[in-house]
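This briefing covers a helix pair and a pocket. Each topic is set out below the structure.

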Amino acid sequence: RRVDPRATQRHGEAARQVLRSGVVPAAVEWDGRSLIVVIESIESVAISQAERVVDLVGGDVGEALPRGFGRRPWRDDQVAVKVTHRLGALDEVVELVRGVLDSPSLAAHAGSGVLWCGYDGDGSELTDLRRAVSHYDGQVVVAHPGNGLAAETDRWGPVRGLDVMRRIKERFDPDGLLAPGSFVGGI
């Protein structure tokens, strides 16, 4: 079953209500316009849970996923970033991203704290975006460089636990043979 909530409140708040409800969704996705809740189970349970979502946040129940479901919100020529944030902060992070980036295309895994953004830029905006997102316990990682990202741009940004990652890499790959330098911090 698929439920497309007609959220009168913000989509992040609707996602929080669904996640707190006892419903066990397979996915809670936001495509930049609508929240989509996917419920996979035996038919009677799926129907019951879909009705629970509709009772909570309104919406329509359908059998098939919407056209383009799961598609990333960027063109090949655009810079794309993965913005993580603490659960429950989707609405605030969407506002923040729209304030930092010029006309971003957005989509989110609303149930897991991941916001995908596509935009026209050169990477100079990443420092401001990373600083702002850190207030929501998040990080910004470049997922796709597009045509505008400068070659010297730091794709990973600040990463917690880098020393631990280096020690693990040294422990399991002491000769540095496995994908040398391809991960964060040159690991």
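In the residue classes used here, Ala, Val, Leu, Ile, Met, Phe, Trp, Tyr, Cys and Pro count as nonpolar, and Asp, Glu, Lys and Arg as charged. The others, Gly among them, count as polar. The model is predicted.

**Largest pocket**

- By those classes, nine nonpolar, four polar and six charged residues make up the lining of the largest pocket.
- The volume of the largest pocket is about 350 Å³.
- There are 19 lining residues, and those closest to the centre of the pocket are Asp-31, Gly-68, Gly-70, Arg-71 and Ala-107.
- Two elements, β2 (27-30) and β6 (105-109), each give two or more residues to this lining.
- The element that gives the most is β6, with five residues.

**Packing of α3 and α4**

- Helix α3 spans residues 90-100 and helix α4 spans residues 126-133; the two pack with their axes 10 Å apart, at an angle of about 160 degrees.
- Because angles over 145 degrees count as roughly antiparallel, α3 is roughly antiparallel to α4.
- The crossing of α3 past α4 is right-handed.
- On the α3 side, the contact is made by Leu-96, Val-97 and Val-100.
- On the α4 side, Asp-128, Leu-129, Ala-132 and Val-133 take part in the contact.
- By class, this contact of α3 with α4 has six nonpolar residues, one charged residue and no polar ones.

Methods. Residues are numbered from 1 along each chain as its sequence is written. This is a predicted model: local features need pLDDT of at least 70, side-chain atom pairs count only at pLDDT 80 or more; totals for chains, interfaces and linings use all residues. Side-chain values use heavy atoms; hydrogens and water are left out. Axes are lines fitted to C-alpha atoms, for helices over the stretch in contact, and angles run from 0 to 180 degrees between N-to-C directions. Helices (H or I, at least four residues) and strands (E, at least two) are DSSP runs, numbered from the N terminus. Angles under 35 degrees count as roughly parallel, over 145 as roughly antiparallel, 65 to 115 as roughly perpendicular and the rest as oblique. A crossing is left-handed if the near helix is turned anticlockwise from the far one by less than a right angle, and right-handed if clockwise. Contact means heavy atoms within 4.5 Å. On a 1 Å grid over the protein atoms alone, a cavity is a set of points where a 1.4 Å probe fits but cannot get out, and a pocket is an open set with protein on both sides within 12 Å along at least five of seven lines; lining residues have an atom within 4 Å of a point. Grid points are joined across faces, edges and corners, and a volume is the space filled by probe spheres set on the points.
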